[in-house]
Amino acid sequence: MNPQKLLSPSAYVRKVRSVLFQAREQYYDRKYRIHSYNIDEEISKTKNTYKKLELDYDAAVALTEHVRAEFPEYFEQDENKSCFSEHYTLFAAFSALPVKRILELGTYNGEFTFFLSRIFPDAEIVTVDLPDSDPVFCATYGRDEVEARKNFIEKRNHRLASNRITFIQRNSFFLPSLGLKKFDCIWVDASHIFPAVAWDVCNAYHLLNDNCFMAFDDIFIPEKKKVPLWNHIDAYDGGEALSVLNDGAWGSLNFILKRFSPDWSANQRRRKYIAVFQKKPCVFD
C-alpha cells in the first residue's frame, strides 16, 4: 500500500464514512424489513395502479412468464446480472394496446429489446445506445477489457437480430436530429446522470404520440413527505427531470415498484420505482 495513503487523514475520513454508511444502511434494512415492508401490500398497490391505467396486470404477468420460459437462452438467469424488473410486466400490459412503433433509450445487452420483439410481434422497435467505441460505453458495466467487451457486443447483437429491430448507435443528445417518426410506446433507461436524463425526458415526450405511454427506470421517492415535489422525483442525479410531467395538463404520472423482493425494496431509502406517464393531447399558447 502507498505509505502516503496510510498517513493521509482524508483516507481515514473516507473509511470512517464508508463504515458508518454501511452500518446505517443495515439499520434501515432491519427497520423496514421488520416493521414496514409488506410484499402483498405492494403487489396490491401495483394492481390498483394498473387498474387505474386500464391495464391487465394478471394477463401481463402470465405473458411475461411465458416469453421468458420459452426463450431462456435470451435472458440472463443470474439474478445479480439480470435486468429483469417490473418494467417487463408493464410493457407486457402495453402489448394489449394498438402499439405499432416502440422506442427504447438504453439498449444495454439487448435482453429487454428482444423481449419487446416477442410481445409486440407486429411492431417496429427502435433502440438507441452509445457507439461501441464511445469512452463511456467502454468504461462501464465491465466492458473495459477488450475480450469482455467483445463478448458483450456479440451477445447483444444476437438478441437484436430481427428485421423489426433498428439499432441506432448515437448519444441520445442527438435524437432530434435523427428525424424519427413518433412512437406509441417509449422506455427510457439510458444515462441516469444529469443533464442527459433531462434531455432524454424532453426528447421522449416530444416523440410520443398523444394518449400513449412512456416509462422511466430507477426513480427514487424520498421518505420525507414535506419535501417539494421537484425533489421527490429523482432518476439518480436527474433531480427535476420528471417533475414537469406531473402537470395534469401534460398527462398523468404514476409510479410502480421496480422490484417486489424485500432484498431490493424493504429499505425505503434505496427503494426504486418505475415512472409511468400517459400523454394527453395538449395545445400550447
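**Helix packing and pockets in a predicted model**

Visitor: At what angle do helix α4 (residues 57-70) and α6 pack, and are they roughly parallel or roughly perpendicular to each other?
Guide: In this predicted model, the axes of helix α4 (residues 57-70) and α6 lie 11 Å apart, and the two helices pack at an angle of about 110°. Angles of 65 to 115 degrees count as roughly perpendicular. With an angle of about 110°, α4 and α6 are therefore roughly perpendicular to each other.

Visitor: Which residues make the contact of α4 with α6, and how do they divide by class?
Guide: From α4 the contact draws on Leu 63, Thr 64, Val 67 and Arg 68, while α6 brings Glu 111, Phe 115, Arg 118 and Ile 119. By class, the contact of α4 with α6 comprises 4 nonpolar, 1 polar and 3 charged residues.

Visitor: How do the axes of α4 and α5 cross, and is the crossing left-handed or right-handed?
Guide: The axes of α4 and α5 cross at roughly 110° and come within 8 Å, which makes α4 roughly perpendicular to α5. As for its hand, the crossing of α4 and α5 is right-handed.

Visitor: Which residues of α4 and α5 meet, and how many of them are nonpolar, polar and charged?
Guide: On the α4 side are Tyr 57, Ala 60, Val 61, Leu 63 and Thr 64, and they meet Glu 86, Tyr 88, Thr 89, Ala 92 and Ala 93 in α5. Divided by class, the contact of α4 with α5 has 7 nonpolar, 2 polar and 1 charged.

Visitor: How much space lies in the largest pocket, and which residues are the closest to its centre?
Guide: The largest pocket holds about 990 Å³ of space. It is lined by 41 residues, and the closest to its centre are Tyr 108, Tyr 141, Asp 189, Ala 190 and His 192.

Visitor: Which elements each supply at least two residues of that lining, and how does the lining divide by class?
Guide: At least two residues of the lining of the largest pocket come from each of α5 (86-94), α6 (111-119), β2 (124-129), α7 (135-139), α9 (196-207) and β5 (208-220). The residues of this lining divide into 16 nonpolar, 11 polar and 14 charged.

Visitor: What is the volume of the second largest pocket, and which residues are the closest to its centre?
Guide: About 370 Å³ of space lies in the second largest pocket, whose lining divides into 3 nonpolar, 5 polar and 6 charged residues. Of the 14 residues that line the second largest pocket, the closest to its centre are Glu 79, Phe 84, Arg 259, Ser 261 and Trp 264.

How values were computed. Residues numbered from 1 in each chain as written. Predicted model: local features only at pLDDT ≥ 70, side-chain atom pairs only at ≥ 80, totals over all residues. Heavy atoms only, no water. 1 Å grid on protein atoms, 1.4 Å probe; cavity = no way out; pocket = protein on both sides within 12 Å on 5 of 7 lines; lining within 4 Å. Points joined across faces, edges and corners; volume = space filled by probe spheres on them. Helix = DSSP H or I, 4+ residues; strand = E, 2+ residues; numbered from the N terminus. Nonpolar A, V, L, I, M, F, W, Y, C, P; charged D, E, K, R; others polar. Axes fitted to C-alpha atoms, helices over the stretch in contact; angles between N-to-C directions. Parallel < 35°, antiparallel > 145°, perpendicular 65-115°, else oblique. Contact = heavy atoms within 4.5 Å. Left-handed = near helix turned anticlockwise from the far one by under 90°.
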